[in-house]
Amino acid sequence: MLLKLERQFGFRGIVLKWFQSYLCDKIFQVVYNGSTYTVHVTCSVPQGSVLGPRLFIMYTADLEEKADEHGVNYHVFADDTQMNERCRFDDTPTAVGKLEHCVTDINHWMSAHRLKRNTEKTELLWSGCKYSLSKLDGRGPAIKLDSDTSEPSGHVRVRDIDDKMY
């Protein structure tokens, strides 16, 4: 994170030192069965912090470039990411391939940056007019995302920062 703040966002001097003091050398303690355990945190942003969502967006800013490389539309809010691809019915196989390759590249980037896509929260929705969806057997094809397969759903959940579902 500190390298990104310096190299990608131009943070220098006292500002960078402040972030270093905020992010580095953190510990927490757990008391279990009367014993106290100390855990040294090597990488992370303090949970529940005001800066957490902003720092996460800055840390993952490169993901937008990955989506752009594949021509996939990309929207992020805190740690929720949405990707979409507009296509005609005849181009459905191309859209599936484009999304599969994009998510594979993003998964590789995430792995290299100590992150992991939450497969349980990964959802797929095909939308369109009733006629187009009827050509897709009502829901559309599944998408293979590395070793997982994401089956299409009739609806998806969108959460805001307060964890409210829409």
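1. Helices (H or I, at least four residues) and strands (E, at least two) are DSSP runs, numbered from the N terminus. By that rule, Val39 lies in strand β2. Val39 is partly exposed, at 32% relative accessible area; buried means under 20%, exposed over 50%, partly exposed in between (1.4 Å probe, protein chains only).

2. The model is predicted: local features need pLDDT of at least 70, side-chain atom pairs count only at pLDDT 80 or more, and totals for chains, interfaces and linings use all residues. Residues are numbered from 1 along each chain as its sequence is written, and side-chain values use heavy atoms, with hydrogens and water left out.

3. Phe28, Val30, Tyr32, Tyr37 and Val39 make a nonpolar surface patch of about 480 Å². Patch residues have over 30% relative accessible area and no salt bridge, with nonpolar side chains joined within 5 Å. β1 (26-32) and β2 (35-41) each give two or more residues to the patch. β1 has the largest share, three residues.

4. Now the interior. A nonpolar core is a set of buried Ala, Val, Leu, Ile, Met, Phe, Trp, Tyr and Cys residues joined through side-chain atoms within 4.5 Å. The largest has 17 residues; Leu63, Cys102, Ile106, Trp126 and Ile143 touch the most other members. Two or more residues come from each of α4 (62-70), α5 (92-112) and β6 (143-145). α5 gives the most, seven residues.

5. Which residues does Ile143 touch, not counting those up to four places away in sequence? They are Val96, Leu99, Glu100, Leu124, Asp148, Thr149 and Ser150. Contact means heavy atoms within 4.5 Å. Another core, of eight residues, lies apart from the largest one; Tyr22, Leu23, Leu55 and Met58 are among its members.

Terms used:
Patch = residues over 30% accessible without salt bridge, like charges linked within 9 Å, V, L, I, M, F, W, Y side chains within 5 Å. Areas by Shrake-Rupley, 256 points an atom, 1.4 Å probe, with all protein chains shown as cover. Salt bridge = Lys/Arg side-chain N within 4 Å of Asp/Glu carboxyl O.
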